[in-house]
Amino acid sequence: MNNSMYLKIPALSENEPFARDTVAAFCVRLNPSLDELSDVKTAVSEAVTNCIVHAYAGREGEIEISCEAEGDTVHIRISDSGKGIEDVVRAVEPFFTTLEEEERSGMGFTIMQTFMTSFRLQSAPGQGTTVYMSKKFSVQDAERARADAV
Amino acid sequence: MNVSGKTCSGTLYIFLSGELDEYSAVRARSEADELIRTHAGCSRVVFDLSGVHFMDSAGIGFLLGRYKQLSRSRTPAFIRSPDLAADKILTMSGVYSLIPKI
């Protein structure tokens, strides 16, 4: 049976560090490199920010995060029940943002796509948004040496 | 997120430390803007990121926002000492073409 975890938090920006650190803590037992762990934390932070800033736009709501470990890969699902995305194709374009006046970079989805091994976005207006991301961790040298020694 | 400033030979150094995300960017923005206002006559601004150990796209927004503001007074801005993770984000987003790394 694969290890897994489930986290449900209110859409408050003060919960962002908690969300990314919790996912990172779950990933640690898969022996990621510091760079890989940093990639996951950044991608999770982007997804959670989207829920707070775009999906709920400051209104109350909940964010659900689930993680599953499969071998050397972590599968992460982050979903909200917010307003959803009208144009999913345009939303993932680099530098596209619907909130230009708020100093948004429009790079959130690009960072998720670049930093993770796989990325999928599911959304429709009024039906919330779910982001599916996976990260395959390279087996670390120390781990490999230990495996070789056995 | 802590923001502090120091001037040296006409350069305003803005030192950021901690985590720069959506949550912390609000305070970082107002504190950095206050420093820029107070030192309005400086010849350039350097954002020192050596103390930043986490940054997501809110950091890009923060830096581009300050850049836009400084460009109104034709004050050049620079970035110094990002860690590897911050450097990766700043490189991929093209921030260095506007705010060069020194």
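Two strands are taken to pair if DSSP finds at least two bridges between them. Helices (H or I, at least four residues) and strands (E, at least two) are DSSP runs, numbered from the N terminus. The model is predicted, so that local features need pLDDT of at least 70 and side-chain atom pairs count only at pLDDT 80 or more, while totals for chains, interfaces and linings use all residues. Residues are numbered from 1 along each chain as its sequence is written, and chains are lettered from A and ligands numbered from 1 in the order in which they are written.

In chain B, 4 strands make up an open sheet with mixed pairing, in the order β1-β2-β3-β4. Strands β1 (2-8) and β4 (77-80) of chain B are at the edges; each has a single partner strand, so one side of each is left without a neighbour in the sheet. On average, neighbouring strands of this sheet are turned by 20° against each other, direction ignored; axes are lines fitted to C-alpha atoms, for helices over the stretch in contact, and angles run from 0 to 180 degrees between N-to-C directions. Strand β3 (residues 44-55) of chain B runs parallel to β4(B) and is joined to β4(B) by 4 bridges. Within β4(B), B:Ile79 is the bridge partner of B:Phe47. B:Phe47 also touches B:Ile14, B:Leu16, B:Leu63 and B:Ala77, among others, with residues up to four places away in sequence not counted; contact requires C-beta atoms, placed from the backbone, within 7 Å. Helix α1 (residues 22-38) of chain B lies across β1, β2 (11-20) and β3 of chain B, at about 170° to β2(B).

In chain A, 5 strands form an open antiparallel sheet in the order β1-β2-β3-β5-β4. Its edges are β1 (4-10) and β4 (118-123) of chain A, each with a single partner strand, so one side of each has no neighbour in the sheet. Strands β2 (residues 62-70) and β3 (residues 73-80) of chain A pair in the antiparallel sense over 8 bridges, and A:Val74 in β3(A) is the bridge partner of A:Ala69.

The contact between the chains takes 20 residues from chain A and 18 residues from chain B. On the side of chain A that touches chain B, α1 (16-28), α2 (34-55) and α4 (108-115) of chain A each supply at least two residues. The largest share of that side, 9 residues, comes from α2(A).

Definitions and conventions: Two residues are in contact if their C-beta atoms, placed from the backbone, lie within 7 Å.
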